[in-house]
Amino acid sequence: MRIVAGSLKGRAIVAPEGQGTRPTSDRARQAVFNVLEHAAWGEGLQGARVIDPSQNHDGICDVAFADGRVSGFGRDLQAGPATQVRDMAGAIVTPGLIDLHTHVYWGGTSLGIDADAFCRTSGVTTSVDTGSAGPGNFAGFRSHVIERSEARILAYLHVSFAGIF
């Protein structure tokens, strides 16, 4: 089963076998009606199991995108002739997941992994780094990893000046 999730800094994730972005508040529901009325959307996911606790939704439906963002979701959305639609039967589409324990200071510690590569393949849109950097190397971590990453990275500082090795 494939899991497609959330958005990375406002842009849709391009996962290995699908793509998704997070439906937000009641605007997503209202956008379904706009999509149905105007069919002005450019990409879509069809037949996925959409799980979105913020919308109290768990069921099979279609998801429409316009300008890289969710413009609506619902059953049997009608795509225009220029709409690119991916069949997502058997896949789960969900808002982005949060990994609460990672080490993503790649190149800065022996434990660090590439945050973007990890997030794209796991449905994670927010990665919490748990102490890879300390006060002495946090500026490098921020400059070389956090600010360049497509994924959202939050960080706890290690109590050691040099961070974790």
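A nonpolar core is a set of buried Ala, Val, Leu, Ile, Met, Phe, Trp, Tyr and Cys residues joined through side-chain atoms within 4.5 Å. Buried here means under 20% relative accessible area. In this predicted model, the largest such core comprises 11 residues: Leu45, Ala48, Val50, Cys61, Val63, Phe65, Val70, Phe73, Met88, Ala91 and Val93. At least two residues of this core come from each of strand E5 (43-52), strand E6 (57-66) and strand E7 (69-74).

When residues up to four places away in sequence are not counted, Cys61 touches Leu45, Gln46, Gly47, Ala48, Val50, Phe73, Gly74 and Arg75.

The charged side chains come next. Side chains of opposite charge can pair when their charged atoms come close. The structure holds 2 salt bridges. One of them joins the side chains of Arg49 and Asp58, with an N to O distance of 2.9 Å. Arg49 counts as partly exposed because its relative accessibility is 35%, and Asp58 is likewise classed as partly exposed, at 49%.

Arg142 and Glu147 also form a salt bridge, in which the closest N and O atoms are 4.0 Å apart. Arg142 has a relative accessible area of 38% and is therefore partly exposed. Glu147, by contrast, is exposed, because its relative accessible area is 55% and the class begins over 50%.

Technical notes
Residues numbered from 1 in each chain as written. Predicted model: local features only at pLDDT ≥ 70, side-chain atom pairs only at ≥ 80, totals over all residues. Heavy atoms only, no water. Buried < 20%, exposed > 50% of the residue type's maximum accessible area, 1.4 Å probe, protein only. Helix = DSSP H or I, 4+ residues; strand = E, 2+ residues; numbered from the N terminus. Contact = heavy atoms within 4.5 Å.
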